[in-house]
Amino acid sequence: GPRAYQAGSTTTDGRSPEGQVRDQKTTPWFKRAALGELLFTSPGSSGKGFWSIHPDIRDLLEAEVARGAPAYNEFATAQDWFTYYGSLQTAPVAPVSASLKMSPHLQSRLALLKSRMNVVYFGPPGTGKTHAALELANEWDSINGPQSVYKVTFHPSYGYEEFVQGYRPRFEAGKEGHFALQDGILLEAARRARELAVDGKEVLLFIDEINRGDVARIFGELITYIEPGKRGVTCTLAHTPKETFSVPKNLYFLGTMNTADKSISLIDVAMRRRFAFVGFPADPSAFEHVEGWIPSVAGVALREILTELNARLAAEGIESDRSVGQALLAVEADAPDKVFSLRQRFEFDILPLISEYCYMDRGRVRRVLGPLIDEAGNPSLGNVAEFEARLKAWLGHPIEAPSTQGASTEESP
């Protein structure tokens, strides 16, 4: 039959074949690719999953490119390239993926999540679990686009009705309030996952504090169907027994849990079997590599303080689930008074936590914190200069003249 663009022919608007091809410079050619497959063979046909140039137009396109189109390196910027081939409103510049800048840790965490589909980060407070999860969620969003990340926090009163589906109050203008069946965040995320699956995208459901809720009750029957091997298997939900539902294969679950609240051993066995658990222990080296943190205060390395605290807790028989995380001792590089900032960390973060870990036993708290508390178990930090001296005495350091960093004279109540 006749070719798509017959040499020597004209179109109804008077353009020659060469002119038609040349027009792709001003109306981006990929926008015309769907018009009757005149320019390209669609994916799934002979294109084998990719758009390929239609054989009837290849010679004309090659000739036109050779005759008139400049090479890419003739453009100074990507903006200039798009200005030539079409407006940014028609053909927006695709952002460079943050994957190119991903740290090795983030790459490995993303690979694990893609492999196992259901992952939980666990560890004591202040070890970076939520920070790591949010970092991964941000990367996920940059890869998969808007509305590809859903976030929720579990708590004791959270249930199946909020997470999966249930009857909840509904109020509409001009109508009397009533209870209506409403989908929870899991079903919303599943619906979005099916929409994005068309473009090969994926959805992440991030559950913070996953162990603070009754996981078995919250997931209900779906605790079975989130298992990777059962994705796509249909089931019925408690409130819609006449309808079928399945957990999409492109929906991933990422949770965090604070082991000081509840040990991992107390988590529902069915949940532990379906999630990969990644431990986040206290990391004394974090003070040297976390941007914005300083490694030492008044000549005392913060990693030494963290190591000593956790060693003393272990000596008191406090399990590793209840150790102290590095974020609880972090001092910002831009803090005007570094010693005062560390003193505040001890007064408002460390002392209350150690008291809780030791079940308010004054003797145990005293053995852990030494001269930093008095005989009654109350803070004994003094002003900034006194705090510095007592901290060094606790660590066994020789006492020197007070640091010039500690100009403040504020005392504990």
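Reader: What should I know about the model itself?

Author: This is a predicted model, in which local features need pLDDT of at least 70 and side-chain atom pairs count only at pLDDT 80 or more, while totals for chains, interfaces and linings use all residues. Residues are numbered from 1 along each chain as its sequence is written, and side-chain values use heavy atoms, with hydrogens and water left out.

Reader: Which residues of α4 are buried?

Author: Leu 106, Leu 110 and Leu 113 are the buried residues of α4. They cover an arc of only 60 degrees around the axis, so they lie on the same side of α4. Buried means under 20% relative accessible area, exposed over 50%, and partly exposed in between (1.4 Å probe, protein chains only). The arc is that of the directions from the helix axis to the C-beta atoms.

Reader: And which residues are exposed on the other side of α4?

Author: Pro 104, His 105 and Ser 115 are exposed there.

Reader: What covers the buried residues of α4?

Author: The cover includes β3 (118-123), α5, β7 (203-208) and β10 (251-258). Contact means heavy atoms within 4.5 Å.

Reader: At what angle do α4 and α5 cross?

Author: The axes of α4 (residues 104-116) and α5 (residues 129-144) cross at roughly 75 degrees and come within 10 Å. That makes α4 roughly perpendicular to α5, since angles of 65 to 115 degrees count as roughly perpendicular, under 35 as roughly parallel, over 145 as roughly antiparallel and the rest as oblique. Axes are lines fitted to C-alpha atoms, for helices over the stretch in contact, with angles from 0 to 180 degrees between N-to-C directions.

Reader: Which residues make the contact?

Author: From α4 they are Leu 106, Arg 109, Leu 110, Leu 113 and Lys 114, and from α5 they are Ala 132, Glu 135, Leu 136, Glu 139, Trp 140 and Ile 143. By class, this contact has 7 nonpolar, no polar and 4 charged residues. Ala, Val, Leu, Ile, Met, Phe, Trp, Tyr, Cys and Pro count as nonpolar, Asp, Glu, Lys and Arg as charged, and the others, Gly among them, as polar.

Reader: Changing topic: where is Met 117?

Author: Met 117 sits in the loop between α4 and β3. Its phi is positive, about 75 degrees, although Met 117 is not a glycine. Most residues other than glycine have a negative phi.

Reader: Is Met 117 buried or exposed?

Author: Met 117 is buried, with a relative accessible area of 9%. Tyr 359, in the loop between α13 and α14, has a positive phi near 55 degrees, and Tyr 359 is exposed, with a relative accessible area of 57%.

Reader: Which residues of α15 are buried?

Author: Val 384, Phe 387, Glu 388, Leu 391, Lys 392, Trp 394 and Leu 395 are buried. Their arc is only 155 degrees around the axis, which puts them on the same side of α15. They pack against β13 (300-301), α12 (302-315), α13 (338-357) and α14 (362-369).

Reader: Finally, how many helices and strands does the protein chain have?

Author: The protein chain has 15 helices and 13 strands, and 42% of its 413 residues count as buried.

Methods: Helices (H or I, at least four residues) and strands (E, at least two) are DSSP runs, numbered from the N terminus.
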